[in-house]
Amino acid sequence: MARSAIGRLFAGLRCLPVGNTQLQTQCSRWSSERTGVEASMFSHKPRDFSLPNPSWGEEMKRLYKHYNLQSEEAAGQGEDGEWWTRLPSYNRSLKYATGGVYLSKMIQSKARLFTRNIRDPGAAFEYVLFFRNDKQRCLCIFQAGHLLEGPPGHVHGGAIATMIDTVTGTHASLLSAPVMTANLNINYRSPIPLGSTVLIESTLDKEEGKKKFISCKVSSTDGSKLHTEATALFVSISVSHLLRG
Ligand SMILES: CCCCC/C=C\C/C=C\C/C=C\C/C=C\CCCC(=O)SCCNC(=O)CCNC(=O)[C@H](O)C(C)(C)COP(=O)(O)OP(=O)(O)OC[C@H]1O[C@@H](n2cnc3c(N)ncnc32)[C@H](O)[C@@H]1OP(=O)(O)O
């Protein structure tokens, strides 16, 4: 299933006029990669940030093991969509997109994905996403590091919004990439303690042509506390939309 989900994520990129051979090669590398690798930004094997690192707390590790076990079992059995599938995560939207005038105009060589650009493990956004195709749901285990402080001892609302955008945006991209966030509505219900691990869950509410309506909630890992609720609208775009700026 991971292969088909990742394949859909990048389906929208296949129309690119140049550089697409290199890109597709990389996409297939991504989808086949299931092991942890510590690699430099410039190595041929990019680091998958969704894999455990020593900064992960006990709750983050426990939940990761719980969902990843299902992911590995599903891969072993060739199941399609009946289980949670871990989504790999890298520090560039299009890491290997180096070819061609169009791509180089759009993706600057120093550009890095916002949530994955802090080198100190555990300092900011530690998260892993899982996707369940049959239920059209995404689930994210998120551990908020000390650089994300807003109110004393608690997570900044903008950091929470960033994670909600990331989870719902990834979800929408899995349905039909590329997409952009058109609207994001957030209700903050209870503060998230800095350093804690929370669950972020997104659900597809409806699709209307180019529009995908997705709802999302952030809750404590035992489900007893609702931290944040959100709804988001994503609109499918063409690559030329990004080139126009
Ligand atoms: C090389 C390509 C790269 C692609 C990347 C692909 C994969 C990347 C890999 C991994 C992704 C992983 C994770 C994702 C992580 C994070 C996600 C972050 C996403 C963002 O952080 S993204 C930045 C913030 N985002 C913007 O910067 C958008 C600025 N904006 C625009 O670019 C346009 O505004 C746009 C595109 C939104 C629409 O423009 P448009 O011309 O395509 O469409 P149009 O205006 O015709 O609207 C069509 C229908 O949507 C309705 N509609 C539109 N806007 C609405 C609104 N606000 N409220 C309610 N309804 C709305 C209309 O009413 C109409 O509805 P109807 O069809 O029913 O009439």
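Modeller: Happy to. Helices (H or I, at least four residues) and strands (E, at least two) are DSSP runs, numbered from the N terminus. Counted that way, the protein chain has six helices and seven strands. This is a predicted model, where local features need pLDDT of at least 70, side-chain atom pairs count only at pLDDT 80 or more, and totals for chains, interfaces and linings use all residues. Residues are numbered from 1 along each chain as its sequence is written.

Biologist: What pattern does the protein chain follow along the sequence?

Modeller: The pattern reads α-α-α-β-α-β-β-α-β-β-β-β-α.

Biologist: And what percentage of the residues is buried?

Modeller: Buried residues are 30% of the 245 in the protein chain. A residue is buried if 20 or more other C-beta atoms lie within 10 Å of its own, exposed if 12 or fewer, and partly exposed in between, with C-beta atoms placed from the backbone.

Biologist: Which residues of the largest nonpolar core touch the most other members?

Modeller: They are Tyr127, Leu129, Cys140, Phe142, Met163, Val167 and Ile200, out of 39 residues in that core. Helix 3 (58-77), strand 2 (125-132), strand 3, helix 5, strand 5 (197-208), strand 6 (211-220) and strand 7 each supply at least two residues. Helix 5 gives the most to this core, with seven. A nonpolar core here is a set of buried Ala, Val, Leu, Ile, Met, Phe, Trp, Tyr and Cys residues joined through C-beta atoms within 7 Å.

Biologist: Why would such residues be buried together?

Modeller: In soluble globular proteins, nonpolar side chains tend to be buried together.

Biologist: Take phenylalanine 142. What is it in contact with?

Modeller: Leaving aside neighbours within four places in sequence, phenylalanine 142 is in contact with Tyr127, Met163, Thr197, Val198 and Ile200. Contact means that the two C-beta atoms, placed from the backbone, lie within 7 Å.

Biologist: Let's switch to the sheet side. How do strand 3 and strand 5 pair?

Modeller: Strand 3 and strand 5 pair in the antiparallel sense over seven bridges, and cysteine 138 stands opposite serine 202 in strand 5. Two strands pair if DSSP finds at least two bridges between them. Strand 5 also pairs with strand 6, again antiparallel, over ten bridges. There, leucine 199 has serine 219 in strand 6 as its bridge partner.

Biologist: How many residues sit between strand 5 and strand 6 in the hairpin?

Modeller: Two, and glycine 209 in that turn has a positive phi of about 60 degrees. Glutamine 136 has a positive phi too, about 50 degrees, although it is not a glycine. Glutamine 136 is in the loop between strand 2 and strand 3.

Biologist: Is glutamine 143 buried or exposed?

Modeller: Glutamine 143 is buried, because 22 other C-beta atoms lie within 10 Å. This residue is in strand 3. Apart from neighbours within four places in sequence, glutamine 143 contacts Trp56, Gly57, Met60, Glu126 and Thr197. Its C-alpha is 5.7 Å from that of serine 196, which is 53 residues away in sequence.

Biologist: And why does leucine 139 count as partly exposed?

Modeller: Leucine 139 is partly exposed because it has 19 other C-beta atoms within 10 Å. Like glutamine 143, leucine 139 lies in strand 3. Not counting residues up to four places away in sequence, leucine 139 touches Tyr67, Trp84, Phe130, Leu199 and Glu201.

Biologist: Now the ligand. Which residues come nearest?

Modeller: Gly169, Pro178, Met180, Ala182 and Asn183 come nearest, of the 23 residues around the ligand. The elements giving two or more residues to that shell are helix 5 (157-176), strand 4 (179-188), strand 7 (226-236) and helix 6 (239-244). Near here means that the C-beta atom, placed from the backbone, lies within 6 Å of the molecule.

Biologist: Which element gives the most to the shell around the ligand?

Modeller: Helix 5, with five residues.

Biologist: Last one: what does the UniProt record annotate?

Modeller: The unreviewed UniProt entry has the annotation "domain: Thioesterase" over residues 153-224; such annotations may be inferred rather than shown by experiment. Over residues 153-224 the model is 28% helix and 44% strand, with the end C-alpha atoms 20 Å apart.
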